[in-house]
Amino acid sequence: MKIFDPFVLPFVLGMAFVLTYCFVGLIKVILQLPKDDRKKFLRSLVTPKTAWANIRDLFGDCLFHVKIWKRNPILGYMHSAIAFGWFMIIVIGHVMLFTLKPLQGVEIEGFARTFTNFYYPIFFKYFAEEGKIFGFLMDFFLLMIISGILIAVVKKIHSKIVGVKRVTKFGFADNMIRFALWTIFPFRLIAEKTNIYAFWWLYSIDLLIFMCMLPFTRYMHIPTEALFILLRHAGLNAREPRKGYALAQIYSCPSCGLCIDACPMSVNDKNSGNTSAYFMKKLRNGDTEEAKRIAETCLMCGKCVKVCPVSIESCDIKFSQRAETPYYVNSDHSYLDVILTEAQRSGEISSNNNKVLYFAGCMTQLTPKIMRAMKKIMESAGEEFQFLDENGGICCGRPMILSGKTAEAQAMIAKNTELIKKSGAKKLVLSCPICYKVFKDEYHLEGVEILHHTQYINELIKTGKLKVNKGDVNYVYHDPCELGRAFEIYDEPREVLEKAGNLRKAKSEKELSICCGGSLGSFNLTQKERDEITCNSVADLMFNNPDEIVTACPLCLKTFARKAPVAVKDIAEVVSSQL
Amino acid sequence: MIIEGKQKIWADYQKDIPDDHYFYVRSCIRQAFWPGSEVTFLDITRNKLGKDFYENPYHTTCGGIAYHSDTIPQETAMTIIARQFALMKESGYENYVCSCITSFGCYTETLETWHEYPELEAKIRQYLWDSCKKEFAKPKYLAHASDLIYKFRFDIAKQMKFPLVNVKTGKPLKCVEHIGCHYSKMFPSKGFGGAEYPHVLVGMIEAWGGEVIDYPERRHCCGFGFRQYFVQANRGYSESNTYKKFESMEPYEPDLIITNCPGCPYFLDRWQYVIAEQTGKTYGKNGYGIPALTYEEVAGLVMGYDPWDLGLQMHQVAIEPLLEKMGIPYDPKKKYQGVNGKDLGQPMCPSCIKSV
Amino acid sequence: MDFGFCLSPSSHVQMDKIDLATFNRLKETNPDINTCIACGSCTATCTAGNFTEMSFRRILLMLQRGKEDEAKKMIQRCMLCGKCTLVCPRGINIRKILLDITR
Amino acid sequence: MKENILIIGGGAAGMEAATQLKKLGLTPIIIEKSDALGGHIAQWDRLFPAFHPAKDVVAPMLESVKGIDVLLNTEVNDIQCDADGFKAVLTNGKTIDAKAVVLATGFDLFKAERKQEYGYGIYNNVITSLELEKFFRTGKDERINNPKKIGFVHCVGARDVKVGNTYCSKVCCTTALKQACEMKEVFPNAEVYTFYMDLRMFGPGYEDLYLKTQRDFDVKCIRGRVCEVSENMDGRLVIKAEDTLFGKPLKMTLDLLVLMCSMEKNKSIDKIQQQLGVANNSDGFMQNRDMYLGMNGTAKDGVFVAGTCTAPKSLPDTIAEARSVAVEVFNYINNK
């Protein structure tokens with residue numbers, strides 16, 4: 001009985017390398033975590049709730065690729081065939097190792113025993129018989145993997161057949177390791193079936209190539225994703241673009257390219273290089289300049305995060321990347337102090353806490369029709385209300401945060417908070433989702449209910465304060481990024497619109513809605529590039545030929561108005577016209 | 001620089017004034033700061049050239065300083081001017097010549113205003129009658145004293161003893177000409193050469209052998225500006241104008257500055273001292289300044305008048321280096337002696353600009 | 001010696017002596033920066049300009065006239081809200097330029 | 001008697017009017033005081049807004065007047081009007097009888113030396129827009145020696161009560177930007193500045209030219225009129241202006257200053273104009289009957305006007321007026 005053959009050495013070498021690398025990487029990531037995060041992480045491992053989620057997602061995401069299945073069954077099959085099939089082969093290999101006991105009668109103990117166990121399951125058939133049941137299972141999963149690989153080959157040659165418009169473009173290393181991956185299993189199959197000695201070598205060498213290249217290519221996502229799932233469930237946030245949690249995410253990105261098609265910028269092929277897949281790749285390759293540029297080009301619409309099969313929070317990483325840019329001019333918003341007293345002196349702020357406080361926001365100042373509509377709605381509903389910024393207010397701070405200047409935003413946040421608290425109001429209504437996002441995330445307004453006007457209007461209708469007459473206009477609703485994807489406020493606006501008229505569907509809705517292109521998130525996009533995005537988004541909204549496009553964001557409104565073939569209205573405007 | 005282009009303009013801006021029989025009025029500032037200049041003017045015109053220049057002892061200020069400092073209204077200034085014209089009429093003269101540029105500006109402005117608004121002239125006529133029981137006649141010709149020296153420049157050149165030439169090198173002296181703003185900037189046609197390229201001083205320099213320097217800030221005001229000077233806190237503005245001019249002319253290394261305004265030689269002279277005290281900078285060679293002279297002083301120098309008779313000791317910037325360049329003999333001991341040989345006492349020496 | 005007054009600095013912008021390094025750097029990445037027609041929309045709509053002297057139009061001019069320090073001082077007022085970019089009739093990416101100036 | 005139409009002026013307006021009148025069956029006669037047809041436009045190199053070669057416009061015009069009587073180096077000495085029409089005595093002694101007269105006498109370029117503070121004719125490196133155009137045509141001008149800094153002054157002799165012209169000369173803004181771009185083409189490393197009071201980009205494609213001037217040619221437009229020009233020791237020009245947008249005066253040294261001279265009424269025709277009884281308007285140009293329906297007519301029956309003799313105009317406007325005057329003359333002759 002053979003217990004060793006030199007061809008196992010390449011595999012053993014590769015395996016040893018990749019295990020060492022992953023172990024060092026794991027330690028590195030954990031050490032890089034800020035202290036409080038590390039504690040959180042360790043605690044999450046033993047907390048039953050998160051532990052269960054970990055197990056569920058490790059199987060669901062890593063092996064079965066549930067999320068990809070949901071999005072694209074063919075790709076789902078491709079991924080799970082390879083991942084699950086491979087996993088099963090390894091599992092069955094080990095099961096065989098212990099049940100069939102191929103080394104019976106050979107006395108090997110200690111290190112040598114461990115050593116043989118290391119490679120035995122991988123080359124089982126060369127050393128021992130599998131038996132019928134195991135033989136069938138092994139062949140079955142091997143063929144399953146090969147079927148997955150066949151789909152991958154088709155996808156590579158002609159991605160549209162499997163429903164993918166754009167695929168990530170790879171460099172030499174990524175192409176090479178992919179070729180290695182594709183050939184591992186056919187070689188194994190041939191080796192097992194023909195027992196031609198050379199193929200065992202080829203098989204082993206392929207494994208060596210794959211494992212040695214793994215840490216330096218996108219396939220690193222296979223081991224890293226498991227760690228990432230654990231970290232994610234611990235509820236961490238990326239604080240630095242290339243360290244700790246972010247590092248785990250960077251290596252977890254499989255460069256699958258699903259975000260490329262999802263990204264609104266991809267409407268222009270030139271800009272599809274600015275999508276998250278490439279961002280992660282630049283970070284992985286240490287190309288800081290490019291990563292920085294992409295981070296600052298991104299619209300921050302968050303769609304890539306929603307479609308990511310690995311749930312990589314690329315927007316957070318982009319934020320942390322933006323925060324790294326040094327600014328040599330410090331903000332000075334000390335003038336805000338004076339405004340406060342001025343506003344109080346002019347009696348703009350009174351302290352009647354029955355009132356609804358309305359904050360229009362900077363962008364709404366440019367679309368006064370929203371303010372007028374809100375005024376009319378609140379009057380009709382018999383609400384007592386007060387404007388916080390009728391004659392121009394203070395920026396909410398979100399644009400500063402989007403620029404990576406979180407600290408600088410605090411001045412504005414503090415002043416607005418003070419103004420709101422001084423008003424004594426218990427309900428704050430906002431018209432701008434950009435404001436809404438920062439008010440929800442960064443403001444500490446305990447005891448004040450913060451509502452976007454879509455929610456507020458819906459509430460007024462539901463409580464009977466507002467009567468809306470149903471008209472016969474066909475509306476399509478555009479979900480603003482910072483209302484929809486950020487807070488999943490999908491139903492309220494739709495309920496409101498159903499009351500005011502007929503709601504038609506856009507081609508992409510809710511979490512798949514396409515950014516209007518006007519986002520403050522991007523610095524670098526030119527007007528022309530933004531216009532392309534807008535046109536694409538408009539076309540998507542016009543899918544069912546609505547009479548009017550309705551949105552709930554002043555910036556979307558202004559942006560769409562430039563390019564839409566039909567009237568573009570804010571939801572407040574629609575409601576106020578149907579009173 | 002295309003000199004033909006300037007010559008064309010000079011030919012266009014020639015004014016018609018007679019060369020004799022003038023009613024002469026003095027300048028408040030000049031008779032105080034440069035007393036030799038007006039004396040020299042009368043001496044040259046009367047005694048050297050044999051012209052009739054009458055000076056009436058009852059004439060007064062034209063009111064220009066008060067007018068430009070906003071302390072009297074225009075009607076008051078015009079009434080003062082009307083009185084001067086009445087004196088001219090009473091003395092039997094028709095041609096009026098003034099020593100002061102500010103006055104020249106005021107007279108021109110008054111005559112032009114009366115021309116446009118005859119009712120104002122009638123009103124002033126009434127004011128003058130009410131206040132002095134005098135009647136005036138508008139002068140037939142109005143001239144500035146520099147216009148006449150310009151007109152006589154070739155006659156003066158004939159009597160010239162010391163041309164504007166450096167006796168050591170034989171090269172013409174580099175002369176900066178500075179025209180008082182009120183000479184022709186308000187009414188370009190009233191000045192020889194117009195407003196942009198006035199010829200009145202250029203003509204003298206050329207006739208007397210000097211070389212004219214045209215530097216970028218040539219047109220700029222000396223900085224007097226009345227209000228800017230009279231309020232102490234504002235004097236920095238005044239000084240800054242002079243500073244700007246000197247910074248601009250410095251690379252040309254001028255030997256002297258000729259002016260035709262009362263304030264300009266004063267400020268171009270005195271501010272050199274102040275600039276030197278404040279910044280340590282002097283614009284002449286070897287720690288000296290650049291002498292800023294009146295046109296009469298220059299005429300007197302070229303005609304061989306004694307420098308101290310011309311009153312050149314009244315200048316802050318030492319005149320001696322210029323006298324040496326021109327080869328004009330002078331007695332240093334007499335610099336601070338009065339007319340009767342009486343010692344006037346020596347002024348304090350400034351620390352940064354050479355005074356001897 | 002104290003005269004009770006002193007030379008006042010020239011109010012002239014000395015175009016021969018100004019340093020345009022920052023403006024030229026910005027021009028490389030934002031070629032539209034030259035196309036400002038000084039309409040003042042950015043200033044009129046500016047959230048910070050509602051309370052302060054903040055004016056992007058002037059900031060651009062300051063950079064073109066070598067008054068970089070003044071420009072950087074004024075930029076401190078900016079809240080980066082982006083209204084200026086929305087109203088610019090020449091489509092200048094003002095917000096990006098504002099950020100780039102401070103880098 | 002032939003239906004002679006006397007056209008005074010052989011520039012764009014005169015040539016185009018003659019061409020159209022001939023097509024309408026009348027007999028135009030062009031009187032041109034210089035030795036060639038073409039007028040000012042023939043001295044131009046390229047036209048705004050799209051850098052179209054001027055000769056591509058002038059050449060077909062010259063081609064189409066072939067066969068029309070043209071008297072070069074000739075002016076009208078005397079003109080009389082009677083019931084039959086007009087009797088013009090020319091400087092060559094000939095007399096021409098005509099049924100109608102078209103004044104297409106065009107404009108004179110403002111004499112830049114009149115704006116003394118700019119020092120044209122005094123400072124070597126101050127040139128006019130016309131001289132720059134000649135440089136573009138011939139590549140020769142000894143004053144243009146690889147300039148590093150070039151300035152353009154708008155409104156020289158226009159919108160300026162000090163020179164007696166309060167009107168806008170209409171085409172100089174666009175011409176200045178065109179020439180500024182062309183200077184950048186010839187001297188890519190030069191810094192080019194234009195000093196404008198308003199930029200009046202009134203025609204199609206003009207605003208695009210303005211955008212291109214700023215963005216692609218990197219020409220710097222400064223709002224403010226140059227008020228003073230002097231020469232420094234190196235013979236370079238020192239100019240002063242106020243940057244009115246910045247609210248501060250500015251000073252800079254230039255190697256070349258181009259004066260965008262305005263259009264003024266061509267005064268060589270004054271005597272004939274008087275004899276014909278055509279008055280001047282408040283800008284000193286010829287007074288047409290009215291600026292809408294009567295733009296080609298004058299107070300005198302049978303006397304018509306076309307082109308820049310009535311106001312500063314662009315070439316397309318001039319050509320349009322020349323064509324319309326032909327129709328007016330045709331109707332006049334037929335309704336007589």
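**Figure 1. The two domains of chain B.** In this predicted model, chain B is split by an automatic or database domain assignment into domain 1 (16-145) and domain 2 (153-334). Their C-alpha centres lie 25 Å apart. Where the two meet, domain 1 of chain B supplies 25 residues and domain 2 of chain B supplies 29 residues; two residues are in contact here if their C-beta atoms, placed from the backbone, lie within 7 Å.

A note on conventions before the next views: residues are numbered from 1 along each chain as its sequence is written, while chains are lettered from A and ligands numbered from 1 in the order in which they are written. The model is predicted, with local features needing pLDDT of at least 70 and side-chain atom pairs counting only at pLDDT 80 or more, whereas totals for chains, interfaces and linings use all residues.

**Figure 2. The side of domain 1 of chain B that touches domain 2 of chain B.** Look for helix 2 (28-33), helix 3 (35-48), helix 4 (64-68) and helix 6 (101-116) of chain B, the elements that give two or more residues to this side. Helices (H or I, at least four residues) and strands (E, at least two) are DSSP runs, numbered from the N terminus. By class, this side has eleven nonpolar, ten polar and four charged residues. Ala, Val, Leu, Ile, Met, Phe, Trp, Tyr, Cys and Pro count as nonpolar, Asp, Glu, Lys and Arg as charged, and the others, Gly among them, as polar.

**Figure 3. Chain C against chain A.** Four pairs of chains touch, and the pair of chains A and C has the most contacts among them. Chain C brings 22 residues to this contact and chain A brings 23 residues. On the chain C side, helix 4 (68-75), helix 5 (83-87) and helix 6 (94-101) each give two or more residues, and helix 6 of chain C has the largest share, three residues. The classes on the chain C side are seven nonpolar, nine polar and six charged. By contrast, no contact joins chain A and chain B, whose closest C-alpha atoms lie 33 Å apart.

**Figure 4. Helix 3 and helix 11 of chain A.** The axes of helix 3 (residues 48-63) and helix 11 (residues 221-233) of chain A come within 9 Å and cross at roughly 145 degrees; axes are lines fitted to C-alpha atoms, for helices over the stretch in contact, with angles running from 0 to 180 degrees between N-to-C directions. Residues making the contact include A:Ala53 and A:Leu58 of helix 3 and A:Ile229 and A:Leu230 of helix 11. The contact residues divide into six nonpolar, three polar and three charged.
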